[in-house]
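Q: I would like to learn how to read the features of a model like this one. Can we take them one at a time?

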Amino acid sequence: MNDRHVALVSAFYEALGRADHAAMERCYHPDVSFGDPVFPEVEGRDKVMAMWRLQLGVQGGLSSDYRDVRADDFTATAHWTARYTFSTTGRRVVNEIDALFRFEDGLIVRHHDDFDFKHWSKMALGRPHGYVFGWTPMWRKTIRDRAAQALDGVV
């Protein structure tokens, strides 16, 4: 167990919970990359932080909590829950997320979140889209493309 990395991941999630962009950014390496099922690959601290500003700026805000942080000298894992209103539909989302981190120079250099996209799409999109199309590669691509466009609009 690497207590320093546990503390770093915990500091990140505490900052996320407060929507403290500056504190979140201090946890990230300048060359950080982020990925999840909606934002498959976001490169560099400026763009990753733009993605977080976009996420934290959703209607009604984003609230979160985390647990089960475990770390060694190179990696860490955690579980977190994101609660927000999906702006496109106005539907409430409670998303359970497993995170993986990698460290370099004492900072997070890789952050990957994983969640059940089909389950997320049912919550975010409702019927019929989330139930009928939520599992299809074409629908996933549509959601990813919209997210990328939104990110390009804030960077």
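Q: Which side chain makes a polar contact with the side chain of histidine 29?
A: Such a contact is read from a pair of N or O atoms within 3.5 Å. In this predicted model, the partner of histidine 29 is the side chain of aspartate 105, at 3.1 Å.

Q: Where does histidine 29 lie, and is histidine 29 buried or exposed?
A: Histidine 29 belongs to strand β1, which covers residues 28-35. Burial is read from the relative accessible area, with under 20% counting as buried. The value for histidine 29 is 7%, so histidine 29 is buried. Strand β1 is mostly covered, with 6 of its 8 residues buried.

Q: Which residues does histidine 29 touch, not counting residues up to four places away in sequence?
A: Histidine 29 touches Arg45, Glu104, Asp105, Leu107, Ile108 and Val109. Asp105 is also the polar partner described above.

Q: What is the order of the strands in the sheet?
A: Strands of a sheet pair through backbone hydrogen bonds, either parallel or antiparallel. Here 6 strands form an open sheet with mixed pairing, in the order β2-β1-β6-β5-β4-β3. At the edges are β2 (42-43) and β3 (62-71), each pairing on one side only.

Q: Which helices pack on the sheet?
A: For each helix, read the strands touched and an angle between directions. Helix α1 (residues 3-18) packs on the sheet and touches β1, β3, β4 (75-86), β5 (91-104) and β6, and its direction makes about 175° with that of β3. Helix α3 (residues 45-56) also packs on the sheet, touching β1, β2, β3, β4 and β6; the angle between its direction and that of β1 is about 55°.

Q: How many bridges join β1 to β6, and how many join β1 to β2?
A: Strand β1 is joined to β6 (residues 107-114) by 4 bridges, and the two run parallel. Within this pairing, tyrosine 28 has isoleucine 108 of β6 as its bridge partner. With β2, strand β1 has 2 bridges and runs antiparallel. There, phenylalanine 34 is partnered by valine 42 of β2. β1 and β2 form a hairpin, with 6 residues between them.

Q: Which residues is glutamate 43 in contact with, leaving aside its neighbours within four places in sequence?
A: Glutamate 43 sits in strand β2, and its contacts are Val32 and Ser33.

Q: What span should α1 have at 1.5 Å a residue?
A: The expected span is 1.5 Å times one less than the number of residues. For the 16 residues of α1 this gives 22 Å, and the end C-alpha atoms are 22 Å apart, which agrees.

Q: Which residue caps the N-terminal end of α1, and which residue follows α1?
A: The cap is asparagine 2, with a side-chain oxygen 3.0 Å from the backbone nitrogen of arginine 4. After α1 comes alanine 19, whose phi is positive, near 55°.

Q: Which residues are buried in α1 and in α3?
A: In α1 the buried residues are His5, Val6, Leu8, Val9, Ser10, Phe12, Tyr13, Ala15 and Leu16. In α3 they are Val48, Met49, Ala50, Met51, Trp52, Gln55 and Leu56.

Q: How many aromatic pairs does the structure hold?
A: There are 12 aromatic pairs. To classify a pair, read the angle between the ring planes, where over 60 degrees counts as edge-to-face. Phenylalanine 12 and phenylalanine 101 have ring centres 6.5 Å apart and planes at 65°, so this pair is edge-to-face. Phenylalanine 12 lies in helix α1 and phenylalanine 101 in strand β5, so the pair ties together parts 89 residues apart in sequence. Both phenylalanine 12 and phenylalanine 101 are buried.

Q: How far apart are the ring centres of tryptophan 52 and tryptophan 80, and what is the angle of their planes?
A: The centres are 6.0 Å apart and the planes are at 55°, so the pair is tilted. Tryptophan 52 is in helix α3 and tryptophan 80 in strand β4, so this pair ties together parts that are 28 residues apart in sequence. Tryptophan 52 is buried, with a relative accessible area of 2%; tryptophan 80, at 3%, also counts as buried.

Q: Which residues form one aromatic cluster?
A: The cluster consists of Phe12, Tyr13, Tyr28, Phe34, Trp52, Tyr66, Trp80 and Phe101.

Definitions and conventions:
Residues are numbered from 1 along each chain as its sequence is written. This is a predicted model: local features need pLDDT of at least 70, side-chain atom pairs count only at pLDDT 80 or more; totals for chains, interfaces and linings use all residues. Side-chain values use heavy atoms; hydrogens and water are left out. Buried means under 20% relative accessible area, exposed over 50%, partly exposed in between (1.4 Å probe, protein chains only). A polar contact is a pair of N or O atoms within 3.5 Å; within protein, one must be able to donate a hydrogen and the other to accept it, and residues adjacent in sequence count only if both atoms are side-chain atoms. Contact means heavy atoms within 4.5 Å. Two strands pair if DSSP finds at least two bridges between them. Axes are lines fitted to C-alpha atoms, for helices over the stretch in contact, and angles run from 0 to 180 degrees between N-to-C directions. Rings of Phe, Tyr and Trp (its six-membered ring) pair if their centres lie within 6.5 Å; planes under 30 degrees apart count as stacked, over 60 as edge-to-face and the rest as tilted.
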